[in-house]
Amino acid sequence: MQILQGKKILLGISGGIAAYKTPELVRRLKDQGADVRVVMTEGAKAFITPLTLQAVSANAVSDSLLDTQAELAMGHIELAKWADFILIAPATADLIAKITAGLANDLLTTLCLATAAPVAIAPAMNQQMWHNQATQDNIKTLTSRQYTIFGPGAGAQACGDIGLGRMLEVSELVELTCQKFANITEINHNVNKAKEQPLAGQKWLITAGPTREAIDPVRYISNHSSGKMGFAIASAAQSLGAEVTIISGPVNLTTPLHCEKIAVISALDMHQQALIHAPTSDVFVACAAVADYRIANVASEKIKKSKDSMQLNLIKNPDIVADVAALLNKPFTVGFAAETQDVEHYARDKLARKNLDMIAANNVAAEGQGFNSDDNALTVFTANDEKILPLTSKSELAKQLVQHIHQTQQHLLKKNESKGH
Ligand code: C5P
């Protein structure tokens with residue numbers, strides 16, 4: 001593929017002898033696929049004609065700031081916006097000084113001020129002028145303003161001197177322009193990647209599924225949680241760039257790509273794993289339907305059905321999400337509330353009682369949502385606000401929830417930073 005395919009390059013030519021090389025430069029840039037427009041200073045026209053450059057670029061050449069016809073066709077601001085890249089070759093000492101001073105007294109200097117595109121200059125001048133402190137200071141200033149300096153090269157000069165100050169050869173200028181675009185493409189790619197991966201660098205820890213509380217070696221107490229919601233949250237967080245660990249009770253689900261799964265059975269196992277991993281996590285989402293109670297004395301042998309009735313003695317399991325939220329350096333902690341009535345009241349009560357940053361409440365009594373279903377709806381509460389995520393697939397809902405968690409967490413971080421925490 002041609003590296004400059006479709007790229008809009010504005011070539012600025014100022015009045016140096018090296019201007020005679022610019023028709024070749026235009027042709028070579030066009031060979032790489034670029035659309036080239038030429039802007040000439042008055043001085044440039046003493047060395048090469050606009051007609052030549054118009055012929056090789058196949059575009060009208062602009063040379064005046066005050067030309068009413070030219071402004072009608074493509075005004076100077078439009079031209080500055082049009083360019084993906086401005087290359088000034090040759091750039092004389094005089095032009096470099098004007099750009100550094102921020103002058104806008106001709107079309108080319110005005111474009112340099114008016115553009116948001118990257119600008120590269122290819123200096124061309126006598127070696128003494130190049131080494132002059134004024135020129136060197138100007139180059140330093142332009143470099144600090146993100147201008148790129150192509151060259152200059154060394155060798156015999158038109159004036160007979162030998163040294164630094166020659167404009168780089170056309171092939172070198174084309175090569176450097178291609179490299180510049182490769183860098184711009186890479187930077188844009190990284191920016192886009194960062195936009196698509198807002199959770200890059202974050203660790204998310206998610207509990208999912210049910211827990212099983214053993215009665216004896218063959219029986220247990222559990223619930224209907226499928227783990228689908230937790231796994232969907234894991235997948236959504238991972239696809240936005242997070243490093244995700246799922247602590248999952250027994251489920252029948254494929255672990256989402258690139259997520260780590262720690263398989264556990266009981267609430268005590270899940271509690272232990274959560275407290276190991278939570279201190280190094282940025283976000284903790286407690287999506288598991290943890291059994292509230294476990295059997296006080298698990299029988300070591302299978303219990304025989306000799307009696308007509310039997311009692312199971314239950315003791316309370318530790319509250320995993322509350323214990324994580326009580327950590328000194330707690331991650332942003334999100335709980336779930338599966339309720340059958342008075343959803344907001346119970347959810348807000350849990351938010352406060354368990355010291356959570358957020359709670360996602362669902363009405364498990366409503367038809368077509370909640371446990372085992374593929375769809376769900378949530379109302380998400382923080383201490384100060386409430387957001388409704390309407391009924392949709394668990395995977396879509398998970399994406400919305402993950403975005404909402406991320407935004408709220410970032411907001412909280414900024415608030416804490418500004419408080420000097
Ligand atoms: O109190 P309740 O069980 O309704 O709270 C639900 C929330 O608390 C869920 O986020 C659930 O994962 C979490 N939880 C927990 N450990 C428990 C009980 C619930 O982490 N033992």
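1. On a 1 Å grid over the protein atoms alone, a pocket is an open set of points with protein on both sides within 12 Å along at least five of seven lines. A molecule sits in a pocket if more than half of its atoms lie within 2 Å of its grid points. By these criteria, the ligand sits in the largest pocket.

2. The model is predicted: local features need pLDDT of at least 70, side-chain atom pairs count only at pLDDT 80 or more, and totals for chains, interfaces and linings use all residues. Residues are numbered from 1 along each chain as its sequence is written, and side-chain values use heavy atoms, with hydrogens and water left out.

3. The side chain of Lys 350 places an N or O atom 2.4 Å from a ligand oxygen. A backbone N or O atom of Ala 288 is 2.6 Å from an oxygen atom of the ligand, and one of Pro 318 is 2.9 Å from a ligand nitrogen. Of the 440 Å² of accessible area that the ligand has on its own (Shrake-Rupley method, 1.4 Å probe), the protein covers 85%.

4. The protein has 14 helices and 19 strands, taken as DSSP runs (H or I of at least four residues; E of at least two) and numbered from the N terminus. Its radius of gyration, taken over C-alpha atoms, is 34 Å, well over the 22 Å of the globule rule for 421 residues, so the protein is more spread out than a compact globule. That rule is 2.2 Å times the number of residues to the power 0.38. The C-alpha trace spans about 115 × 45 × 45 Å along its principal axes.

5. Most peptide bonds are trans. A cis bond joins Ala 89 and Pro 90, with omega about -5°; Pro 90 lies in strand E3 (residues 85-91). Another cis bond joins Gly 151 and Pro 152, with omega about 0°.

Terms used. A polar contact is a pair of N or O atoms within 3.5 Å; within protein, one must be able to donate a hydrogen and the other to accept it, and residues adjacent in sequence count only if both atoms are side-chain atoms. On a 1 Å grid over the protein atoms alone, a cavity is a set of points where a 1.4 Å probe fits but cannot get out, and a pocket is an open set with protein on both sides within 12 Å along at least five of seven lines; lining residues have an atom within 4 Å of a point.
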